[in-house]
Amino acid sequence: MQRKELRRLERRHSLRKRILAGGTAVLIALGMAVGGTAPAFSTGGGGASTNPNTTEYWQAKYPNAVACYYHESNGGSHGSVVDGAVVLGEYGSDWPGDRWEVLIVKGGSNGGDGNGNMVYELPQAGLKNTYYPPTNPNNGKPFGVSHWIVCKGETPAPEVPKAGNDLDCVTATNYPGRALTNGDHINMDVVQDGKKFQINAQIDRRQSQDPRSESGLVVRVNAPGFSNIVLPITNAQRDSGIFEFEYSTYLTGSWTIEWVQFNSTYFNQDRNSAKFLICGDLPTEELVEPTVDSTPMTCDTDGSYTLDPVEGVVWFVAVTALDGTPADDDFEQVDPGTYPVSTDQTVHVRAEVESDEYGFAPETQTEWAIDFERPGDCAPPPCIPDEFISYTYNNTNNTGVVTVVQPQGYDDQLCAPLYVTAAAWAFDRHDNQWTQTLVVANEINGGTAITEPGTYEYGAPVGCGQGDIYASRTAFPKPSPFLNGPNNPAWPDGVTPWPFVETFLHNMGFDGPNPTYMVTQPGCNALEPVAPDYTAIDKCEQYGSLTLDDSSPYISYIVRDEEGTVVDAADAKEGTFTVTAVAAFPYVLKNYPAGGWVVELGDYRECVEPTFTANPVTDVDCVSNVPYISSQVSVTDPDGTLPAGTPVYMVFAYPGDASQNHEVQIGVLDADGNLVGDDVLWPGAAVDGDGNATDWPGWDFVDGAWVPTAAYEQFGWTRDLTAVTIRVNPEIEVPLSYPGPTEACYGPVEIAPVPVASECDEQQGLGFDLPAITGVTWFVNGEERSGFQPVTVAGDYVVTFEIDADAEGGPFALTPGAEDEFTFSYTAEDLTACDPPVLPVTDAQLAFLAPTCELGQRLDPENYVFDAELAEHVSTTVEGSSYTVVFRILDSAEDAVFDQSPDVTVDGRTVTDEGKTLTFTGTLSGVLTGEECDRVIEVVDPYGVTDTCLEGASYYVRLVEGVEYTITVNGGTPTVVNWSGTNEVRTFSAAPGDVLNITAAAT
């Protein structure tokens, strides 16, 4: 048993051995979080403020929020309110953070999160994403927007696990403590069927033949029987910092992990065999033998069977009638132990092994059928006496449980039946005085006497009054309608088993408390009705309403109209109504007005539609190159249907598609019906904090330049409109047009840069000129240039430019249709047509360190020769014995060039880039060889002289190229070791006590 326990512990340890915690996924599989926009009902609190109507409150509540903004209505660049919902603007590229973090829309007082807020996390911009305030429960429609708060947020950076590693019999995981990169690897030494081999996984850069990879990295796997396994890596997998290799995919049977390398850390680096990880399917060696004992039934005792606790054995039991055959589904798993049997039956027992670690010994019994049968000549048992009857009682609600138990050796019948009746009474007056009336009388056991063992619930819960529990041994007690106790029921004619006796349950002599009765407090049955809540008609085109209280289930209300007809409360909308209250038995009403309540709602009437007092006036004015719209609106509203604060909108009609119309709120009405509001920007126009223009209708800023666009959201289509609609409740179309270009109102300045070709210049020679234009940067063959460009080498010169739209005097945009690339071509004849310019000419020279017997030739960058005022040393690269050295003309010496005359003849020297770049390439010489260099030969053991007595029976020497061994045994003749064939080790016999002298010499 001790050996088996040790082996079980060893096996359990080998199935899962951890080096460091961590690890998820398959070969390289990383978890990614996704999210969407949904309303969240926040409770608020915490942070710099506990007021959910402040930006500080939401800034503190959302840790990823970088800035929060409060808006009464239109939010400028943050968004606006359209048709009662907030629409967010596009997220600015120069804003803090990188996303909308949370939007809070306030309306009403207690909807949404309980504060009248609807909270939308990670909302999206654009007209297709609308965010409403909470819903008004009275009409099922959203409340009006009171205000709204929006927060900008920063997407949190992914968390990278700490550096470490993880190993078990399924996976090996490397945590480099950073994002994964080229060179991360897991190398494993595995032994299987007596053979050692490696299984490796390494992260590498993707090659052209590899599968597509989002991150540019792949995983290469080397395993026996599998070749060229390459798996792509996503950006999320790369950034996770988790490199998990499910190496067990490539193994079957059993195997041993001896050593693992995780980059520069190891498992079992010293290859200690005690730390080897044993994995896979291990053989079963533990054999078990289940045992079962049983005791038969007698006339006075029950039988039993015992399932012994045997390690590795699981027990299953099924019970049938004597000699019955159970089905497989009849067996249930049970714990080891002793189980009593009191009735005639056959117990079927089956033993199974717990797992593959165990097996049954040969010829072991695993199934049993045990018959239990009580002898047939036993005397009948006695009936159950009253001492085995008990009860409980709950005096808070007049309920309890009667329990009858069957003792050993007794029959399953009571010596006399038991009848129990629970009664509840209710007060008839509001002061809890007599009289009381019977509410309910419940007979125990569904109206059947208790005659056998079991548990029986009884009770009559008391609402407002008192309760009693009656009992009898002859018949169920029958309480009278009033609190005078039970009536004595008469037996049927000719049936008188014994005289009828009834009493309280606690007087029967059973084991239990004293359940006499309970009385509730005075006034418990007196309820106070609630006057109806109603809303009278106070404006045109509005009905009144009548609401009845529903807090008490024992009070009902009746509504009658002026003619006395009963009507539903929902139909009471106009006129006069009488509401009366009625209490259900056993309750009575208190503090109730005689005749009920009279409710006057008033009469319904139609409204007079509001009209514009005069046609609205609109105009466009330009301020600091920004178009603003000003409006004057006045409305006549006889019935006051447009309260102060009613929003006024200007509608821009999209040609041919009304669903694309754009609305701008231009203000609200005051109490006199006049428009109150500031001038608004023309759609598509935008300003910075100083009021300067940053955007215009029909223009888009792309790759640093202003370009015309037809995109809907840039509102170029509004430039062609000649009228707009003013909408309050009435609406009217008024003339309005986008202003034409003026000195005060314009868009980006359009420019068309053009380089100028020039003839031979006496001072500068042949070339072309790049004119200085504000906002324009020139490039020649991809390199930034300016001013006159002299030509010294024949060929093509490609001229391009970039426009800085934000330069002083801008914004600037390329004139539509203008050319953006120019090519100047020059031949050798062109170069000779005029004298070339006189340019500063310089050169550079390399320096080397001479080779030695130990080291080859090397470059000596510290002693390179070049003019530091004209040129610079850019780089020195050595790969193997090949080298590349690069020098470049300084930008400050733009007229200088490297010497390109034919007189300079240096192998591997090239001048490119119009004389601006000088490159040296070549091959370094190796180490010196010959007689002047002593030859050094590495010698491995055994070498030198060994002067000890051998305790073994042999000794050996290893072959080393360039070394000759001489062996002397016991001072005899020296012998030179000869080598033949492919042997690399020579072994010689030796006797205990031999003295050896082994010398090694270079040949």
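This is a predicted model: local features need pLDDT of at least 70, side-chain atom pairs count only at pLDDT 80 or more; totals for chains, interfaces and linings use all residues.
**View A. The disulfide of cysteine 169 and cysteine 279.** The link is left-handed, with -75° about the S-S bond. The sulfur atoms of cysteine 169 and cysteine 279 lie 2.0 Å apart. This pair ties together distant parts of the chain, 110 residues apart. Cysteine 169 sits in the loop between strand S8 (164-167) and strand S9 (172-175). Cysteine 279 belongs to strand S17 (residues 277-280). Cysteine 169 has a relative accessibility of 9%, so it counts as buried. Cysteine 279 is buried as well, at 0% relative accessible area.

**View B. The disulfide of cysteine 383 and cysteine 415.** Here the sulfur atoms are 1.9 Å apart. The torsion about the S-S bond is about 95°, so this disulfide is right-handed. Its two cysteines come from distant parts of the chain, 32 residues apart. Cysteine 383 is in the loop between strand S26 (367-372) and strand S27 (389-394). Cysteine 415 is in the loop between strand S28 (399-404) and strand S29 (419-427). Cysteine 383 is partly exposed because its relative accessibility is 33%. Cysteine 415, at 44% relative accessible area, is also partly exposed.

**View C. The disulfide of cysteine 540 and cysteine 607.** The sulfur atoms of this pair are 1.7 Å apart. With 100° about the S-S bond, the link is right-handed. It joins distant parts of the chain, 67 residues apart. Cysteine 540 lies in the loop between strand S38 (533-535) and strand S39 (545-547). Cysteine 607 lies in the loop between S44 and strand S45 (611-612). Both cysteine 540 and cysteine 607 are buried. The count of disulfides in the model comes to five, including the pairs of cysteine 169 with cysteine 279, cysteine 383 with cysteine 415, and cysteine 540 with cysteine 607.

**View D. An open sheet of four strands.** The strand order is S41-S40-S42-S44, and the pairing is antiparallel. Strand S41 (566-567) and strand S44 (597-602) are at the edges. Each has a single partner strand, so one side of each has no neighbour in the sheet. In general, strands of a sheet pair through backbone hydrogen bonds.

**View E. The pairing of S40 with S42.** Strand S40 (residues 555-560) runs antiparallel to strand S42 (residues 575-583). Six bridges connect the two strands. In one of the bridges, serine 556 has valine 582 of S42 as its partner.

Note on methods
Residues are numbered from 1 along each chain as its sequence is written. Side-chain values use heavy atoms; hydrogens and water are left out. Two strands pair if DSSP finds at least two bridges between them. A disulfide is a pair of cysteine sulfur atoms within 2.5 Å. Buried means under 20% relative accessible area, exposed over 50%, partly exposed in between (1.4 Å probe, protein chains only).
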